[in-house]
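Subject: A structure to look at, with notes

Dear colleague,

Please find the structure below, and keep it open while you read the notes that follow.

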Amino acid sequence: MDKQSLTHPTLGFGLGLRTQHFDHVLRHQPEVDWFEILSENFMVAGGKPRYYLSEIAERYPLVMHGVSLSIGSTDPLNMDYLKALKQLANEVQPQWISDHICWTSIHGINSHDLLPLPYTEETVRHVAERIGIVQDFLGRRILMENVSSYLSYQDSTMNEWQFVNAVAEEADCLLLLDINNIYVSARNHQFPPEDYLLQIATNRVQQFHLAGHSDYGDYVIDTHDHDVCPSVWDLYRRALTRFGGVSTMIERDANIPEFNALEAELAIARNIARTTLGESHPLVHRPRQETVA
């Protein structure tokens, strides 16, 4: 596994690549710095999605983001899935690969949800060991993302940010810090979201996610079907202040608008970074790469 720097230079500002925007991206080549793809959507041979992916990969840097690793499950790691993931990575040559600190399956049955884990030393060791196996198999560090949560375990002996830090340190992996997920969990569990940011190790954070959610007053659900709300933008400012120019992207998975609307929202992120970090910061002033490194 590559043991160079813990984090890589910033890619700038990106968007999630979604099917309905394939043609627009190829026709107009918008001023987006990079795209994040959902790994599972392209883990098939041939077909239109793979054609578009190949064409877009020639024009933009890509990262791969998965939802099926189920790193916290007690089921054995799915080696068929990992082989397909590695094959896709070999073809796409992504800047990095990410998934979630969660479990999704039990006894081979996929829940199709990103379920939180008990925050214990035993869980840290279990998750870190499995991340190590995945990283060795892929031959690279991966990024692990904090998930939004709606319940807590009586067995937990630490809080979420202590758990996330411990997993990253034990596994020697990187972190994808989802700012919206922090806000959602903070609302649901009634803790200050700033406390989370202030305790995460700065040298592990490789990427930020921004997204919208559904607010039901007494609880909040991470739905990715709304614009980023003002409170999450404020938390993003605080994250930039603490972590610096981290590669930033916006997720939208439902109620997906026209591409221009997402570009406009991404411009808000860029403007926040400009006022927070300065006009000359590499995150703000990064020429778009034409090909993947």
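To begin inside the protein, D33 is buried, and R270 is buried as well, where buried means under 20% relative accessible area, exposed means over 50%, and partly exposed lies in between (1.4 Å probe, protein chains only). Before going further, please note that this is a predicted model, in which local features need pLDDT of at least 70 and side-chain atom pairs count only at pLDDT 80 or more, while totals for chains, interfaces and linings use all residues. Residues are numbered from 1 along each chain as its sequence is written, and side-chain values use heavy atoms, with hydrogens and water left out.

D33 and R270 form a salt bridge, with 3.3 Å between the closest N and O atoms; the term stands for a side-chain nitrogen of Lys or Arg within 4 Å of a carboxyl oxygen of Asp or Glu. Because D33 lies in the loop between α1 and β2 while R270 lies in helix α9, this pair ties together parts that are 237 residues apart in sequence. Helices (H or I, at least four residues) and strands (E, at least two) are DSSP runs, numbered from the N terminus. In general, side chains of opposite charge can pair when their charged atoms come close, and the structure holds twelve salt bridges.

As for cover, R204 counts as buried at 6% relative accessibility and D172 counts as buried at 18%, whereas E169 is exposed, with a relative accessible area of 55%.

Helix α9 (residues 259-277) has 19 residues and reaches 27 Å from its first C-alpha to its last, close to the 27 Å expected at 1.5 Å a residue, the expected span being 1.5 Å times one less than the number of residues. Which residues of α9 are buried? They are F259, L262, E265, L266, A269, R270, I272 and A273. These residues cover an arc of only 155° around the axis, which puts them on the same side of α9; the arc is that of the directions from the helix axis to the C-beta atoms. What covers them includes β1 (13-16), α1, β2, β9 (205-210), α8 (230-243) and β12 (247-250), with contact meaning heavy atoms within 4.5 Å. After α9 comes G278, whose phi is positive, near 105°.

Helix α2 (residues 47-57) also has buried residues, namely R50, Y52, L53, E55, I56 and A57. Their cover includes α1 (22-28), β2 (34-38), β3 (62-65) and α3 (79-92).

Finally, L198 lies in helix α7 and is exposed, with a relative accessible area of 52%. L198 and R242 are 44 residues apart in sequence, and 7.4 Å separate them in space, C-alpha to C-alpha.
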